[in-house]
Amino acid sequence: MHSELLSLFSISVALAVGAMSPGPSFIFVAKTAIASSRRDGLATALGMGVGCALLVLTAFSGLHTLLVTVPWLYLSLKVFGGIYLFYMALKIFKGAGTSLSVNNASDREKVGFMKAFAIGVVTQLCNPKTVLVLAGIFAALSPRDIPAYFYWVLPLIGFVIDALWYTFVAYVLSSARPQQVYLRYKKSISRISGGVMAALGLKLMLSK
């Protein structure tokens with residue numbers, strides 16, 4: 001039981017780091033919150049959470065089934081998954097000093113709550129990087145014998161982490177002063193996120 005809780009905690013940390021790494025989802029939520037409204041930004045954040053839950057369930061269930069059925073896929077996933085995580089870490093490091101481009105707050109175009117929510121779900125589901133990262137995380141950090149409750153706890157964790165993070169993003173970046181504070185520390189956040197991703201890639205490739 002202790003190892004299962006440790007695994008859940010490790011996966012949660014990895015998911016949080018992945019969610020907080022600046023990328024397409026962050027840009028979309030930020031632009032929606034700033035260019036449209038805080039309400040539409042929050043709707044997008046909720047959509048991101050639902051999309052993440054679906055991806056977690058799909059990646060986790062599919063990965064487990066494939067690894068049980070075709071064991072050699074685990075070795076392939078370790079190698080290619082680890083390399084891809086290192087590639088992501090490199091991109092995060094290289095983009096640490098790049099300024100984010102967001103729309104002018106005075107140029108607002110209302111999206112609508114339901115449309116913003118739907119776009120958030122679709123944006124999350126259509127991000128191939130998310131699927132690959134989730135597969136790498138689960139392969140590296142899941143226990144050997146996966147308990148049944150992981151199949152509903154992990155999607156719930158994914159939903160809560162993504163929904164809360166992007167809600168924070170939407171709330172903060174819909175105000176001018178907090179937006180500048182966050183952007184000021186973007187470089188440090190990106191470098192820490194890149195370091196964690198690189199460590200995760202190394203763990204994946206070296207794990208037995």
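Me: What does pLDDT stand for in practice here, and what does the protein average?
Reply: pLDDT is the predictor's confidence in each residue, from 0 to 100. This is a predicted model, and the protein averages a pLDDT of 77. A score of at least 70 is reached by 78% of the residues.

Me: Which helix has the lowest confidence, and which the highest?
Reply: Confidence is lowest in helix α8, residues 176-184, at a mean of 67. It is highest in α7, where the mean is 91.

Me: What makes residues 104-108 a stretch to treat with caution?
Reply: pLDDT stays under 50 over residues 104-108. Where pLDDT is low, the predicted coordinates should not be read in detail. The model has 9 contacts beyond four places in sequence for residues 104-108, and the caution about low pLDDT covers detail of that kind.

Me: How many helices and how many strands are there?
Reply: There are 9 helices and 0 strands in the protein. Read along the sequence, the pattern is α-α-α-α-α-α-α-α-α.

Me: Why is S193 called buried?
Reply: Buried means under 20% relative accessible area. S193 has 5% relative accessibility, so it counts as buried. S193 sits in helix α9. Leaving out residues up to four places away in sequence, S193 touches V17, S21 and I92.

Me: Why is S61 placed in its accessibility class?
Reply: S61 has 22% relative accessibility, so S61 counts as partly exposed. S61 belongs to helix α3. S61 and Y151 are 90 residues apart in sequence, yet 7.3 Å apart in space, C-alpha to C-alpha.

Me: What makes up the largest nonpolar core?
Reply: This core has 41 residues, and those with the most contacts inside it are I137, F138, L154 and Y166. Two or more residues each come from α1, α2, α3, α4, α6, α7 and α9. With 11 residues, α7 gives the most to this core. In soluble globular proteins, nonpolar side chains tend to be buried together.

Me: Which residues make the nonpolar surface patch, and how can M205 be one of them?
Reply: L75, V79, F80, I83, F86, L202, M205 and L206 make a nonpolar surface patch of about 770 Å². A patch residue needs over 30% relative accessible area. M205 is at 31% relative accessibility, so it passes that cut-off while counting as partly exposed. M205 lies in helix α9. Both α4 and α9 supply at least two residues of the patch, and α4 has the largest share, 5 residues.

Me: How far apart in sequence are the contacting residues?
Reply: Among contacts between residues at least 6 apart in sequence, 91% join residues at least 24 apart.

Key:
Residues numbered from 1 in each chain as written. Predicted model: local features only at pLDDT ≥ 70, side-chain atom pairs only at ≥ 80, totals over all residues. Heavy atoms only, no water. Core = buried A, V, L, I, M, F, W, Y, C linked by side-chain atoms within 4.5 Å. Buried < 20%, exposed > 50% of the residue type's maximum accessible area, 1.4 Å probe, protein only. Helix = DSSP H or I, 4+ residues; strand = E, 2+ residues; numbered from the N terminus. Contact = heavy atoms within 4.5 Å. Patch = residues over 30% accessible without salt bridge, like charges linked within 9 Å, V, L, I, M, F, W, Y side chains within 5 Å. Areas by Shrake-Rupley, 256 points an atom, 1.4 Å probe, with all protein chains shown as cover. Salt bridge = Lys/Arg side-chain N within 4 Å of Asp/Glu carboxyl O.
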